[in-house]
Amino acid sequence: MYNKKPIADNIFYIGVNDRQKESFENYLPLPEGVTYNSYLIVDKKTTVIDTVDIAFADVFFAKIDAVLKGGTVDYLIVNHVEPDHAGSVGLFRQKYPNVIIVGNAKTFDMLNGYFGINTRLHEVKEGDSLSIGRRTLSFYMAPMVHWPEVMVTYEHQDKILFSADAFGTFGTLNGDYSDACINTEKYWNELRRYYACIVGKFGVPVQNALKKLAALEIKTVCSAHGPVWQKELTKVVSLYDKWSRYEEEEEGVVIAYGSMYGNTQQLTEAVAEGIVAGGIKNVVVHNVSKTDASFILSDIFKYKALIIGSPTYMDGLYPLIEKLLSAIEIRRIKNRLFSCFGSFTWTGTAVKKLTAFSQTMKWEMIGAPVENKHAVFEEKYQAAFELGLAMAEKLKSLRCS
Ligand code: FEO
């Protein structure tokens with residue numbers, strides 16, 4: 001039987017681990033898996049907050065049955081309609097035909113579109129409250145964190161925020177849902193990768209949501225993915241605040257490069273050596289042909305400096321570099337220090353395109369971009385080393401400023 005340890009009196013975790021899925025949204029790797037979280041509040045009106053991916057509906061309903069022992073559910077609150085959370089709403093209505101679904105006008109438009117559900121609805125607006133007996137729930141809109149209908153639900157008595165995708169992370173729960181009971185080390189990189197890939201485009205809406213939530217006293221965050229945050233709550237909120245302002249976590253440089261025959265890679269080595277010789281220890285090097293872009297994006301959110309190397313390919317950028325630039329541009333990542341380098345055989349285009357990209361992003365160009373023709377000899381190796389040095393000097397100039 002599953003772990004029925006309550007989060008608070010009569011509030012239960014009824015989410016599931018997905019250890020099978022290879023890719024979230026069918027493109028983001030899940031080396032540590034993912035959870036779909038749902039919560040059950042037993043009160044005068046029994047209430048469930050969000051459902052789970054439909055592939056896990058049987059496990060989900062079994063967990064509800066284990067607590068309610070044949071009892072019914074009065075309210076289903078839908079904080080977010082994306083199918084990883086609302087995928088089982090149609091089945092939920094079949095199992096509990098009298099359940100009243102709580103959401104906002106946008107929620108209901110989507111539920112009608114996905115499930116044809118348009119009856120027994122309770123619409124809430126910003127700040128509305130709902131008494132479910134001993135407990136009262138209030139609702140706050142959080143549009144674009146991550147879809148336009150997203151809202152969060154606040155439980156007043158134990159000061160619990162049910163936060164939808166916000167503060168969520170990739171990574172299964174191994175043995176317990178509480179961040180106080182499990183080693184949370186594996187989540188920090190995955191929390192950032194989740195943020196960068198899923199919410200990273202929406203920095204302004206996240207800031208708006210954080211300002212709104214600052215007015216609430218919150219002791220526990222029950223997100224839609226990953227641990228229930230209590231012990232690490234301050235850290236998690238602080239990271240979200242930083243990322244949504246596009247501020248770096250720590251000093252360091254990401255080098256992302258593509259290379260077909262090793263010349264651009266040689267320049268990469270020279271740039272990295274220059275950075276370290278200049279006094280910066282954190283240098284993360286990603287070969288775009290080996291590392292999925294989601295991990296590179298995550299590191300770009302972590303560090304302030306980004307240097308990209310690309311060979312010229314068909315008079316353009318190396319395809320996987322082009323894909324990375326698109327992912328960066330979509331997320332409107334701001335305030336980065338940038339530089340670039342590349343190599344070519346008969347026409348040099350990559351460095352021009354990378355330079356134009358930095359202008360589009362309004363990033364500060366550091367050092368002189370290096371463009372190499374044919375094999376890499378001492379002069380260009382040295383130029384790439386100098387580029388790395390220049391980036392290190394710039395980063396050091398920002399210390400304690
Ligand atoms: Fe976890 Fe936007 O769904």
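Partly exposed, in these legends, means a relative accessible area between the buried limit of under 20% and the exposed limit of over 50%. With that in hand, welcome to a few close-ups of a predicted model.

**View 1. Glutamate 251 and arginine 399 pair in a salt bridge.** The closest N and O atoms of these two side chains are 2.7 Å apart. The partners come from distant parts of the chain, 148 residues apart: glutamate 251 belongs to strand S17 (residues 250–257), while arginine 399 lies in the segment after helix H12 (378–397). Arginine 399 has a relative accessible area of 41%, so this residue is partly exposed. Glutamate 251 is partly exposed as well, at 28%.

**View 2. A salt bridge joins aspartate 9 to arginine 134.** Here the N to O distance is 2.9 Å. This is another link between distant parts of the chain, with 125 residues separating the partners. Look for aspartate 9 in the segment before strand S1 (11–13), and for arginine 134 in the loop between strand S11 (129–131) and strand S12 (136–141). Aspartate 9 counts as partly exposed because its relative accessibility is 45%. For arginine 134 the value is 44%, which also makes this residue partly exposed.

**View 3. Glutamate 123 forms a salt bridge with lysine 125.** Their closest N and O atoms are 3.6 Å apart. Lysine 125 reaches a relative accessible area of 53% and is therefore exposed. Glutamate 123, at 41%, is partly exposed.

**View 4. Salt bridges link three residues into a network.** The members to pick out are Arg135, Glu155 and Asp158. Over the whole structure, the search finds 19 salt bridges.

**View 5. Helices H5 and H9 cross at roughly 100 degrees.** H5 covers residues 187–199 and H9 covers residues 293–302, and their axes come within 8 Å. Angles of 65 to 115 degrees count as roughly perpendicular, so H5 and H9 are described that way. On the H5 side, the contact is made by Asn189, Glu190, Arg192, Arg193, Tyr195, Ala196 and Cys197. H9 contributes Ser294, Phe295, Leu297, Ser298, Asp299, Phe301 and Lys302. Sorted by class, this contact of H5 with H9 holds six nonpolar, three polar and five charged residues.

Conventions: Residues numbered from 1 in each chain as written. Predicted model: local features only at pLDDT ≥ 70, side-chain atom pairs only at ≥ 80, totals over all residues. Heavy atoms only, no water. Salt bridge = Lys/Arg side-chain N within 4 Å of Asp/Glu carboxyl O. Helix = DSSP H or I, 4+ residues; strand = E, 2+ residues; numbered from the N terminus. Buried < 20%, exposed > 50% of the residue type's maximum accessible area, 1.4 Å probe, protein only. Axes fitted to C-alpha atoms, helices over the stretch in contact; angles between N-to-C directions. Parallel < 35°, antiparallel > 145°, perpendicular 65-115°, else oblique. Contact = heavy atoms within 4.5 Å. Nonpolar A, V, L, I, M, F, W, Y, C, P; charged D, E, K, R; others polar.
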